[in-house]
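Hi,

Here is the two-chain model I promised to send over.

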Amino acid sequence: MADDPLVIAGRSFSSRLVMGTGGASNLAVLERALVASGTELTTVAMRRLDAGGGTGVLDLLRRLDIEPLPNTAGCRTAAEAVRTASLAREALDTAWVKLEVIADERTLLPDPVELLDAAEQLVDLGFTVLPYTNDDPVLARKLEQAGCAAVMPLGSPIGTGLGIRNPHNIELIVAEAGVPVILDAGIGTASDAALAMELGCAAVLLATAVTRAQDPERMAQAMRLAVEGGRHAALAGRIPRRHWARASSPPPGS
Amino acid sequence: MRLLLNGAELQLPDGSSVADALAAIGAPVAGVAVAVDDHVVPRAEWSGCRLRDGATVEVLTAVQGG
């Protein structure tokens, strides 16, 4: 929506859907999904240059004019995350980073202690930090106080598709935040993305729900529409919930 | 001299730089970053940074993820 941009660290995006590139079976499928999603900002991971010397995903994003957002996926400590972010800044010439510091492989949940430490260090180093965090209002507040440009609470663990398990916490985070809240991780289908926006999130970040859907291109379009629909609903102001019915037609004989 | 580059052994002439190591593996110039012994080497220092025998070099790029 051009008249209602998402603004992060002074930068405007007309799309409120941030995509990830993980999980797509090949670059052609990924390209169709990215185009259908309408995204302008998309995450990539930093890994060893393979023997073939390819930088295919970067070439694709450049061609589609989508801004790459490097992440620190796989990092378990603040030191690892800071090093990965520094390498990403060198490789991609961007000071933006999606900060991920996970506690264990089984849940992929953020390690709050290492995450906050990494966020503080990266802000000091001049990075624009977008932390993937737990749905914990207190931690979200501390990340914002540390100077993060957004906070990105999970709906449920990465790749589970379980949706938003604690909508009340997301609302609490949104109510307190002075920076954009981006619902990151756990989205399974379009209604989850719409709910995130209805709860007041500024944007949604998702990958698996699209890239591993049976028809990624179509699911990308569904997510785009859901995010737009949810945003409109949030701004429109929903009706209060009532216990008893209330007729929407005038009574007979009036 | 011998390096460990992305986990594989690499033989280079003594006095080789980071730029020489990248050329030896055919790395693209854009879109990659280098760490030597866990320290990030900025692009501007690739030619001037001489590698020591036994150095561990990591060459990273962006891949699908997140």
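Below is what turned up where the two chains meet.

Some housekeeping: this is a predicted model, with local features needing pLDDT of at least 70, side-chain atom pairs counting only at pLDDT 80 or more, and totals for chains, interfaces and linings using all residues. Residues are numbered from 1 along each chain as its sequence is written, chains are lettered from A and ligands numbered from 1 in the order in which they are written, and side-chain values use heavy atoms, with hydrogens and water left out.

On to the interface. Chain A puts 27 residues in contact with 25 residues of chain B (contact means heavy atoms within 4.5 Å). About 2,200 Å² is buried between the chains, and carbon and sulfur atoms give 61% of that; buried area here is the accessible area (1.4 Å probe) that two parts lose on being put together, summed over both. On the chain A side, Arg48(A), Leu49(A) and Glu90(A) lose the most area to chain B, together 31% of what that side buries.

Arg48(A) also turns up in a salt bridge with Glu58(B), at 2.8 Å from N to O. The count between the chains is 1 salt bridge (a side-chain nitrogen of Lys or Arg within 4 Å of a carboxyl oxygen of Asp or Glu). By class, the side of chain A that touches chain B has 13 nonpolar, 10 polar and 4 charged residues; Ala, Val, Leu, Ile, Met, Phe, Trp, Tyr, Cys and Pro count as nonpolar, Asp, Glu, Lys and Arg as charged, and the others, Gly among them, as polar.

Now the strands, which are DSSP runs of E, at least two residues long, numbered from the N terminus. Which way do S4(A) and S5(B) run? They are antiparallel, joined by 5 bridges (two strands pair if DSSP finds at least two bridges between them). Within that pairing, Arg47(A) partners Thr61(B), and Arg48(A) partners Leu60(B).

S5(B), residues 56–64, has partners in chain B too. S1(B), residues 2–5, runs parallel to S5(B) with 2 bridges, and Leu5(B) is paired there with Val57(B). S3(B), residues 32–36, is antiparallel to S5(B) over 5 bridges, with Val32(B) opposite Thr61(B).

Cheers

Note on methods. Helix = DSSP H or I, 4+ residues; strand = E, 2+ residues; numbered from the N terminus.
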